[in-house]
Amino acid sequence: MPNVRAMPTLRRRRLGDALRTYRRGASLSLEKAAEAMGWDESKLSRIENAKARMPPQYMAKLLKQYGVTDSEVISALIDLARDAGKQGWWRAYGDVVGLSYKDYLTLESDAESTYIYAPGLIPGLLQTGTYAREIIAATAMTRTTEEVMALAEVRKMRQAILTKPDRPMKLWAVIHEGALYQRFASYPALMREQLRHLLDMSELPNITIQIMPLNSTPHPGMAGLFEVVRFPQPWPTVVNIENIQGGYFLEGAEDAKVFEMAFERIVAAALSVDDSLETLKALLERNIT
């Protein structure tokens, strides 16, 4: 598989957006802010537009010009400036992983929590390897067999963020009950393995799983799959919406608020956590395949 270098544009873009917001909040022009740093205006412009690296050692001085004194914010911006040039493990998969997917993997690796509503399938972070291969083969219709296998590997490797020893990501997933009845002709025992995996994952303290019952009341999740991805301060919440052609992001605060409210209503319409686990156990005991 070719090892194509992936440009780390997403972290630089988020950093540039944050610096531009703080500069404007301080009512400073590019010229004045750059002058205070002893830089050319073009240098700061390139940083804000994700075309140049922000030297981490100058971050505190720049933020002081903008009146930013919160130590957590300063530390977070320094860390992002330091990590902006790092490439993720997915670079080894080259063009098999598209640019938008690489962006999402970057977001996911930086996130502190993710909230998912999945109406038609098990969320990727909770899939077994066999389930992932079957689902990708069925939905990624233009992919070769080799690409399907590679994407399934990527999906499994993503799951390491749930079990890392240092601050594993929190996951709250609401899964529609209908997704638990999926059948796979090529692998009759697949769903039994997947149900067992969901029960095993639910035992982790950072993972919450709820089931949306077939007879639920109407709720916002009926519009389709979405993920609300939250980050440490000062990074804004991002919403990922998926369809058969991939996913796209919403980063506006108002958009995020709408989907956060939607997820709260979905949680209220779903079975409780305890009842959800009992539903999974009952399906497993009935040997649903």
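Visitor: How many helices and strands does the secondary structure of the protein chain come to?
Guide: The C-alpha atoms of this predicted chain fill a box of roughly 70 × 45 × 35 Å along the principal axes. Within the chain, the secondary structure comes to 11 helices and six strands.

Visitor: What percentage of the 289 residues in the protein chain is buried?
Guide: A residue counts as buried when its relative accessible area is under 20%. Among contacts with a separation of 6 or more, 74% are made by residues 24 or more positions apart. Of the 289 residues in the chain, the buried share is 47%.

Visitor: Which residues touch the most other members of the largest nonpolar core?
Guide: The largest nonpolar core holds 61 residues. Apart from it lies another core, of 16 residues, among them Met-212, Val-228, Ile-266 and Ala-270. In the largest core, the residues that touch the most other members are Leu-15, Met-54, Leu-126, Ile-175 and Leu-180.

Visitor: Which residues does Ile-175 touch, not counting residues up to four places away in sequence?
Guide: Ile-175 is one of the residues touching the most other members of the largest nonpolar core. With residues up to four places away in sequence set aside, Ile-175 touches Ala-118, Leu-121, Ile-122, Pro-123, Leu-126, Leu-180, Leu-198, Ile-209, Gln-210, Ile-211 and Met-212.

Visitor: Is Ser-113 buried or exposed?
Guide: Ser-113 is found in strand 1, which spans residues 113-118. Beyond four places in sequence, Ser-113 touches Met-169, Lys-170, Val-228, Val-229 and Arg-230. Because its relative accessibility is 4%, Ser-113 counts as buried.

Visitor: Within what arc do the buried residues of helix 2 fall?
Guide: In helix 2, residues 30-37, the buried residues include Leu-30, Ala-33, Ala-34 and Met-37. Seen down the axis, the buried residues of helix 2 line one face of the helix, because they fall within an arc of 95 degrees.

Visitor: Which residue just after helix 2 takes a positive phi?
Guide: The helix in question covers residues 30-37. Just after helix 2 comes a residue with a positive phi of about 75 degrees, namely Gly-38.

Visitor: Which residues of helix 3 are buried?
Guide: Helix 3 runs over residues 41-48, and its buried residues are Leu-44, Ile-47 and Glu-48.

Visitor: Is Ala-50 buried or exposed?
Guide: Ala-50 is found in the loop between helix 3 and helix 4 (59-65). Its phi is positive, about 60 degrees, although Ala-50 is not a glycine. Most residues other than glycine have a negative phi. Because its relative accessibility is 17%, Ala-50 counts as buried.

Visitor: Is Arg-167 buried or exposed?
Guide: Arg-167 lies in the loop between helix 8 (145-158) and strand 2 (170-176). Phi of Arg-167, a residue other than glycine, is positive and near 50 degrees. Because its relative accessibility is 69%, Arg-167 counts as exposed.

Visitor: Which residues are joined by a cis peptide bond?
Guide: Most peptide bonds are trans. Pro-234 has its place in the loop between strand 4 (226-230) and strand 5 (238-243). Here omega is about 10 degrees, and the cis bond joins Gln-233 and Pro-234.

Visitor: What is the volume of the largest cavity?
Guide: The count comes to one cavity of 30 Å³ or more. The largest cavity is lined by Arg-12, Leu-15, Ile-47, Ala-52, Arg-53, Met-54, Ala-81 and Ala-84. This lining divides into six nonpolar, no polar and two charged residues. The volume of the largest cavity is about 40 Å³.

Visitor: How far apart in space are Val-97 and Glu-147, C-alpha to C-alpha?
Guide: Val-97 has its place in the loop between helix 5 (71-83) and helix 6 (99-110), and is buried with a relative accessible area of 1%. Leaving aside neighbours within four places in sequence, Val-97 is in contact with Trp-90, Lys-102, Leu-105 and Val-154. Val-97 and Glu-147 are 50 residues apart in sequence, and their C-alpha separation in space is 9.1 Å.

Technical notes: Residues numbered from 1 in each chain as written. Predicted model: local features only at pLDDT ≥ 70, side-chain atom pairs only at ≥ 80, totals over all residues. Heavy atoms only, no water. Core = buried A, V, L, I, M, F, W, Y, C linked by side-chain atoms within 4.5 Å. Buried < 20%, exposed > 50% of the residue type's maximum accessible area, 1.4 Å probe, protein only. Contact = heavy atoms within 4.5 Å. Helix = DSSP H or I, 4+ residues; strand = E, 2+ residues; numbered from the N terminus. Arc of directions from axis to C-beta. 1 Å grid on protein atoms, 1.4 Å probe; cavity = no way out; pocket = protein on both sides within 12 Å on 5 of 7 lines; lining within 4 Å. Points joined across faces, edges and corners; volume = space filled by probe spheres on them. Nonpolar A, V, L, I, M, F, W, Y, C, P; charged D, E, K, R; others polar.
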